[in-house]
Every structure is written in C-alpha cells, then in structure tokens.
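Take a short walk through this model.

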Amino acid sequence: MDTRLVAAAIPIFGLLIALELWVAKRRNIAVYRLFDAISDLSCGIAQQLCLLLSQAPLLVLYAWVQGQVGLWSFERTLLNFAVAWIIIDFLYYWWHRASHRINWMWGLHIVHHQSEDFNLAVALRQAMFTHASAMIFYAPMAVIGFDVVTFGVVMALNTLVQFWIHTELIRNCGPLELLFNTPSHHRVHHGINDQYLDKNYAGFLIVWDKWFGTFVPEQDEVVYGITKPLNSFNPF
C-alpha cells in the first residue's frame, strides 16, 4: 500500500467525518460517541505508524518475488491499472473471508469490528498487522507480473474507496447496490444479527459475495459489536 496516498486523504477523511456529524445532527441522529471515536482514530494512527516501519520490507519482498517468478510484465497503462484493480478486489474478498473464518487471522482483524457504532471513523479503526496477513493473499499479483508501483497504488486506492461505506446515513444507493459494495451491504458485514454473521466480505464489487454465496441484503435493523470467531481453520 502507498501510505502517501492515505496520508494525502486524511484531510478529506476529516471533512467527511465533520459532514457526517453535521448531517446526523440535522436529522437528530446520534451516530458518534466521543470515546469510541477516539478509539477508532487511535487505532488508525497506530496502524499508519506500523506501516511506516513494515511497508518498505513488504514491498521489497513483493518486488523480489515479481522479479524472480513474474510470468508477464505489464506497462503502467490505465487498462492495466483497471485489470489490477479487479484482481486485487477479488483477492481482497478471499483475504477478508479468511480473516473471519481462520482464528489467527480473525485475531488480527477483530479490531475493526469491536466498535458498537457504525460511522466513518470506524473505517479508520484498523489493526496494526492485518496488512502482513493480506500480503500472503496478494502474492498472485507478483506472480502474474504487476510491478510494485502498480500494486501499491491500486491497493491504496482500493482501500480508500472503502471509507465511504462505513455510515448509517446513506440508506440505499439504488441500482449501484446490484454491482458495488455500499453502506447498506457493509452494515450487514458489521452486524452481529444471526442472519448477517460472516456475510458481505466484498471491498469494492459486491458481485464476489453474490457469486460465492456469502451475500445477504440488509433487511432488519443492524446490531453492531464483536462477532464470535469460528472455531475452524477452514477458510471456506
């Protein structure tokens, strides 16, 4: 992941959180609790500090694998970036699904699900070491032959576009719900309602969940909190 892109987006995150607070106040809805929001932001800061130390070695390892076993070589064109985006989004689905189904990965990922609120600050509530487990799933990108710059930029952008889906204020996105991950779909993922557990793992495209049998539409009021990890090392 290119942390410079994430750092550049921080002012935008702040503006969107302020906008969410303003809209919620106008609607007389309580979507933030002070200490929970502070916890969210603290987790985000800790993760970024961890990335400053660990990102370079991970990207060097990626570049080495790509140089040693990369099957093809892709120029940095808009088309190739789009192809890389689709592949990364597909691999993200499987990493995210495994993070809920394999106990040691759930132990890393659980931080993101500990809040009982659902707002834009929760998007920043990330665990310090999940990126290390994710690199295992993104290894096919290096084997296929996408260079480290393409990988880093697309990873960062794919992560950034998932920020907006962490809100209760956007109820339905109409036709976009058919193809893309939306706040409605992602509220299901964060819910601890029995019918919502371990569903809607998608990052950008919700079609992965629909194709692989893990999609559930939002129907009931969502209850947020910590879900119980499954006692299984079977990622499926």
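**Loops, bridges and a patch**

Asp198 sits in the loop between α7 (183-190) and α8 (207-211). This is a predicted model. Phi of Asp198 is near 55°, a positive value in a residue other than glycine. Most residues other than glycine have a negative phi. Asn28 also has a positive phi, near 60°. Asn28 belongs to the loop between α1 and α2 (34-69). With 73% relative accessibility, Asn28 is exposed.

Now turn to the charges. How many salt bridges are there? The count comes to six. One of them joins the side chains of Arg33 and Asp117, at 3.0 Å from N to O. Arg33 lies in the loop between α1 and α2, and Asp117 in the loop between α4 (103-109) and α5 (130-144), so the pair ties together parts that are 84 residues apart in sequence. Arg33 is partly exposed at 42%, whereas Asp117 is buried at 13%. A network of salt bridges links Arg33, Asp36 and Asp117.

Asp147 and Arg76 form another salt bridge, 2.7 Å from N to O. Asp147 lies in the loop between α5 and α6 (148-160) and Arg76 in the loop between α2 and α3 (78-101), so parts 71 residues apart in sequence are tied together. Asp147 is buried, at 16% relative accessibility. Arg76 is exposed, at 53%.

Last comes the surface. Ile12, Leu16, Leu19 and Trp22 make a nonpolar surface patch of about 390 Å². Ile12 is in helix α1 (residues 3-26). Its relative accessible area is 48%, so Ile12 counts as partly exposed.

Technical notes: Residues are numbered from 1 along each chain as its sequence is written. This is a predicted model: local features need pLDDT of at least 70, side-chain atom pairs count only at pLDDT 80 or more; totals for chains, interfaces and linings use all residues. Side-chain values use heavy atoms; hydrogens and water are left out. Patches are made of residues with over 30% relative accessible area and no salt bridge: like charges are joined within 9 Å, nonpolar side chains (Val, Leu, Ile, Met, Phe, Trp, Tyr) within 5 Å. Accessible areas come from the Shrake-Rupley method with a 1.4 Å probe; for residues, only the protein chains shown count as cover. A salt bridge is a side-chain nitrogen of Lys or Arg within 4 Å of a carboxyl oxygen of Asp or Glu. Helices (H or I, at least four residues) and strands (E, at least two) are DSSP runs, numbered from the N terminus. Buried means under 20% relative accessible area, exposed over 50%, partly exposed in between (1.4 Å probe, protein chains only).
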